Amino acid sequence: MVAIAATFAMSQANAERAVPIPAARADVAPAPGLQSAIFAGGCFWGMEAVFEHVKGVRSVTAGYAGGTRATASYAQVSTETTRHAEAIRIAYDPRQVSYATLLRVYFSVAHDPTQVNGQMPDMGPSYRSAIFAQSPEQARVARAYIAQLDATRAFRKPIATKLEQGQFFPAEAYHQDFFDRNPDHPYIRMWDKPKLAAFRAGFPSLAR
């Protein structure tokens with residue numbers, strides 16, 4: 001993860017607050033058992049850290065989505081030639097947290113959905129904003145929410161998030177639970193701890 005010093009102050013300011021956005025008007029109907037959601041939005045370390053602290057989320061796996069199994073490794077994805085996005089797979093209990101609620105956290109605080117092919121301080125298509133819907137209903141709800149947020153001008157710029165298709169491949173073991181295992185890592189301190197604090201401040205009823 002390569003930091004770009006010139007943009008640090010602006011990006012840090014954005015990372016320290018949740019963007020106030022309305023709840024989605026549509027949602028996925030609850031289903032029995034754990035369900036999966038796959039989101040991409042910059043470095044998976046911070047995305048994983050945020051969603052691991054959402055009530056109703058049972059597990060979060062860091063990985064790569066949108067490319068092939070053969071090139072689903074950090075070394076190859078980092079070349080920006082494999083079509084993968086750094087992503088997370090969320091296993092959640094729909095009786096406790098809905099898909100639309102996860103989307104709200106995703107758009108509000110887990111990343112900046114208006115950035116194209118990057119999330120400061122990381123740039124490149126592997127850091128793009130993308131939703132890999134796991135059902136037609138998830139796709140319908142995600143599309144409707146993007147349209148809703150754009151129509152209400154919830155953000156200063158149009159949402160860049162795309163709905164994509166593709167398999168998810170877990171990342172290497174050293175990327176899993178990276179935030180918890182490396183609390184003093186410079187990247188974690190600079191970018192991800194403020195993001196988690198912003199989630200706790202912006203969504204106190206969802207935080208655990």
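The model is predicted, so local features need pLDDT of at least 70 and side-chain atom pairs count only at pLDDT 80 or more, while totals for chains, interfaces and linings use all residues. Residues are numbered from 1 along each chain as its sequence is written, and side-chain values use heavy atoms, leaving out hydrogens and water. Helices (H or I, at least four residues) and strands (E, at least two) are DSSP runs, numbered from the N terminus.

**The sheet**

- Strands of a sheet pair through backbone hydrogen bonds, either parallel or antiparallel.
- Here, two strands pair if DSSP finds at least two bridges between them.
- Six strands make an open sheet in the order 7-6-1-3-2-8, and the pairing is mixed.
- Strand 7 (162-163) and strand 8 (168-170) are the edge strands, each pairing on one side only.
- Strand 1 and strand 3 run antiparallel and are joined by six bridges; Ser 36 stands opposite Ala 91 in strand 3.
- Strand 2 also pairs with strand 3 in the antiparallel sense, over eight bridges, and Tyr 64 has Glu 86 in strand 3 as its bridge partner.
- Three bridges pair strand 1 with strand 6 (residues 129-131) in the antiparallel sense, with Gly 41 opposite Ser 129 in strand 6.
- Strand 3 is largely enclosed by the rest of the structure, because seven of its eight residues are buried.
- Buried means under 20% relative accessible area, exposed means over 50%, and partly exposed lies in between (1.4 Å probe, protein chains only).

**Helix 2, a covered helix**

- In helix 2 (residues 44-52), nine of the nine residues are buried, and the helix is mostly covered.
- Among the buried residues of helix 2 are Phe 44, Trp 45, Glu 48 and Glu 52.
- What covers them includes strand 1 (35-41), strand 2 (57-65), strand 3 (85-92), helix 4 (99-110), helix 6 (178-181) and helix 7.

- The expected span of a helix is 1.5 Å times one less than its number of residues.
- For the 17 residues of helix 7 (residues 186-202) the span should be 24 Å at 1.5 Å a residue, and its end C-alpha atoms are 24 Å apart, so the two agree.
- Helix 7 has a kink of about 40° at Asp 192, shortly before the proline Pro 194.
- The bend at a residue is the angle between axes fitted to the seven residues ending there and the seven starting there.
- Both Asp 192 and Pro 194 are among the buried residues of helix 7, which also include Trp 191 and Phe 199.

**Aromatic rings**

- A pair of aromatic rings is described by the distance of the centres and the angle of the planes.
- Rings of Phe, Tyr and Trp (its six-membered ring) pair if their centres lie within 6.5 Å; planes under 30 degrees apart count as stacked, over 60 as edge-to-face and the rest as tilted.
- By this rule there are nine aromatic pairs.
- One of them is the stacked pair of Phe 199 and Phe 203, with 6.0 Å centre to centre and 25° between the planes.
- Phe 199 and Phe 203 are both buried.
- Ring pairs also link Phe 39, Phe 51, Tyr 99, Tyr 106, Phe 107 and Tyr 145 into a cluster.

- Contact means heavy atoms within 4.5 Å.
- A polar contact is a pair of N or O atoms within 3.5 Å; within protein, one must be able to donate a hydrogen and the other to accept it, and residues adjacent in sequence count only if both atoms are side-chain atoms.
- Leu 149 is part of helix 5 (residues 136-151) and counts as buried at 1% relative accessibility.
- The C-alpha atoms of Leu 149 and Pro 22 are 7.8 Å apart, although 127 residues separate them along the chain.
- Not counting residues up to four places away in sequence, Leu 149 touches Ile 21, Pro 22, Phe 107, Ala 154, Phe 155 and Ile 159.
- Gln 138 also lies in helix 5, where it counts as buried at 4% relative accessibility.
- The side chain of Gln 138 reaches the backbone nitrogen of Gln 134 at 2.8 Å.
- Arg 200, in helix 7, is partly exposed, with a relative accessible area of 36%.
- The side chain of Arg 200 reaches the backbone oxygen of Arg 208 at 3.0 Å.
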